[in-house]
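Subject: Structure handover

Hi,

Here is the structure I promised to pass on. Have a look at it first, and then read my notes below.

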Amino acid sequence: MIVGLGNVGAEFERTRHNAGFWFIDRVASRYGARFRTEKKFFGELARASIGGQEVWLLKPATFMNLSGQAVVAVALFYRLLPDQILVAHDELDLAPGDVRLKMGGGVAGHNGLKDVRARLSSADFWRMRIGIGHPRALELRQEVVDFVLHPPRRDEEQAIEAAIERAQSVLELASAGQFEMAMMQLRRAATLAAAAAATLRPDSKQ
């Protein structure tokens with residue numbers, strides 16, 4: 001199962017905190033999957049075939065801090081173990097344009113991850129960490145809560161969308177259980193993207 005974390009409602013649609021929803025919507029579009037509302041799963045569910053594997057796509061319809069309610073409902077119904085679950089979410093500790101795949105670890109104050117971990121009674125699920133940057137690193141005076149609930153600047157949005165595109169490129173490996181290879185490929189793609197971006201900077205030496 002691939003889960004995208006976000007807040008429902010038009011007012012939250014393009015906010016940084018909804019990067020997980022951006023990701024899962026792109027996945028559904030790429031693989032021709034259609035979401036349908038499933039009240040018993042507290043969210044929207046779609047079925048996709050990724051690399052020949054059947055994968056459930058989930059968008060919790062609860063607010064962010066109750067995301068685990070939907071995740072555990074689907075996991076229990078389809079008998080999915082934590083390590084068969086990939087959760088895509090916004091990540092303050094990564095710059096816009098950066099994206100990383102990891103297993104387990106802490107939640108770094110992310111309420112959606114915190115609830116998923118609590119309800120699964122395990123931290124051993126996969127995370128697709130989509131960088132949105134931190135207000136201090138971006139030289140902004142916003143508080144974190146205000147920052148994540150506002151849309152990114154245009155250049156940041158473009159960088160986030162590019163990262164989401166790279167992240168999708170490893171889903172076939174991940175759906176086949178080849179997560180280590182997916183991690184390596186994603187890191188390699190990030191390195192190439194960073195090098196390409198450096199050559200485009202006005203102060204870069206030709």
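Glutamate 91 and arginine 129 form a salt bridge through their side chains, at 3.1 Å from N to O. (I call it a salt bridge when a side-chain nitrogen of Lys or Arg is within 4 Å of a carboxyl oxygen of Asp or Glu.) This pair links distant parts of the chain, 38 residues apart: glutamate 91 is in strand S5 (residues 86–91) and arginine 129 in strand S7 (residues 126–131). Helices (H or I, at least four residues) and strands (E, at least two) are DSSP runs, numbered from the N terminus.

Are these two buried or exposed? Glutamate 91 has a relative accessible area of 8% and is buried, and arginine 129 counts as buried too, at 17%. The cut-offs are under 20% relative accessible area for buried and over 50% for exposed, with partly exposed in between (1.4 Å probe, protein chains only).

Before going on, a word on the source: this is a predicted model, where local features need pLDDT of at least 70 and side-chain atom pairs count only at pLDDT 80 or more, while totals for chains, interfaces and linings use all residues. Residues are numbered from 1 along each chain as its sequence is written, and side-chain values use heavy atoms, leaving out hydrogens and water.

Back to the charges: there are 13 salt bridges by this rule. Another one joins the side chains of arginine 16 and glutamate 156, at 2.9 Å from N to O. Arginine 16 lies in the loop between strand S1 (2–4) and H1, and glutamate 156 in helix H5 (residues 154–168), so the pair ties together parts that are 140 residues apart in sequence. Both of them are buried, glutamate 156 at 4% relative accessibility. Glutamate 156 also bridges to arginine 153, with the closest N and O atoms 2.6 Å apart; arginine 153 is partly exposed, at 37%. Elsewhere on the list, Arg14, Arg26, Arg154, Glu157 and Glu161 belong to one network of salt bridges that share partners.

Now the nonpolar side. A nonpolar core here is a set of buried Ala, Val, Leu, Ile, Met, Phe, Trp, Tyr and Cys residues joined through side-chain atoms within 4.5 Å. The largest one has 38 residues, and Ile2, Phe23, Leu57, Leu101, Met128 and Ile130 have the most contacts inside it. Helix H1 (residues 19–30) gives the most to this core, with 6 residues. Apart from it lies another core of 22 residues, including Met1, Ala70, Ala73 and Phe125.

Cheers
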